[in-house]
Amino acid sequence: VNKVRDVRFNYFTAGLGGSGDVNLYITNLGFGEPMVQYDKGVLRFFKALSGLLLGKVDFFLQDNEESATNEGFGNDMAKSRIGRQTVFSWPFPEAATVAKELNISGDSSAAMGTAPDAWNAMLGLLVSIVPRSLWRSKRFSQFMADFSQPLVKATDALLKITSPDNVGETHAMRVDVTGEDGNAVLIVQAHESFHWCVGQVGAYLL
């Protein structure tokens, strides 16, 4: 049996259908927490990794990658509407829990990104200059969420106006699993509704 070496989770979201207040607050709190993930098969805590910009991720399949299903957007729409996006580390628990269940021998990671890309750059800058202890403060994280809310609402309104389906949301996730023999499997799922994403994932778990 081919043992799993690496597992990586990447998420993208633009517009949350009115749940931005809570999500901003939770995201801010996460910047104060360590990244708990595997490094060379060992679970480690990386205190200065949360919020670090990691570069670009493709939220679509390349031409040489075979699609097993066509639920959600479909690959062509995912490529045109989402494409390649900047992501930053964030302490999603699956970097530790799923990796542990798979008994991986290599590395794990979890990251997310949003749009427009200026948000990612701004968050990366703030995380680099604001002490982690402040992000862990519920009062500070809530203040930052409240301060950002007018800009977020303006961005969401712009996304809705410019959205081809007038929904104003775009969400995607990508999971990469690599075996010790070098073979890899990746899954990309994309939707225009946060509620649909949650519902479909819940149905899969059931």
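Tutor: Start with D39, which is partly exposed at 22% relative accessibility. The model is predicted, so read each distance below as a property of that prediction. The exposed class needs over 50%, and K40 qualifies because its relative accessibility is 66%. D39 and K40 form a salt bridge, and their closest N and O atoms are 3.9 Å apart. The cut-off for such a pair is 4 Å. R44 joins in as well: D39, K40 and R44 are linked in a network of salt bridges.

Now take R84 and D58. Their salt bridge has its closest N and O atoms 2.6 Å apart. R84 lies in strand β5, residues 84-89, and D58 lies in strand β4, residues 53-58. The two are 26 residues apart in sequence, so the pair ties together separate parts of the chain. R84 counts as exposed because its relative accessibility is 51%. D58 counts as buried because its value is 12%.

R174 and D176 make another salt bridge, with 2.7 Å between the closest N and O atoms. Here R174 is buried, with a relative accessible area of 13%. D176 is buried too, with a relative accessible area of 18%. The limit for that class is under 20%, so both residues fall inside it.

How many salt bridges does the rule give? The count comes to 6.

For contrast, turn to the nonpolar side. The largest nonpolar core holds 21 residues, and F31 and W135 have the most contacts inside it. At least two residues of this core come from each of β1 (4-14), α3 (94-102), β6 (108-114), α4 (117-129) and α6 (138-162). β1 gives the largest share, 4 residues. Leaving out residues up to four places away in sequence, F31 touches S50, G51, F88, W90, L123, V127, R132 and W135. Apart from this core lies another, of 12 residues, among them A14, A111, A172 and A190.

D39–K40 is at 3.9 Å, R84–D58 at 2.6 Å, and R174–D176 at 2.7 Å. R84–D58 links strands β5 and β4.

Technical notes: Residues numbered from 1 in each chain as written. Predicted model: local features only at pLDDT ≥ 70, side-chain atom pairs only at ≥ 80, totals over all residues. Heavy atoms only, no water. Core = buried A, V, L, I, M, F, W, Y, C linked by side-chain atoms within 4.5 Å. Buried < 20%, exposed > 50% of the residue type's maximum accessible area, 1.4 Å probe, protein only. Contact = heavy atoms within 4.5 Å. Salt bridge = Lys/Arg side-chain N within 4 Å of Asp/Glu carboxyl O.
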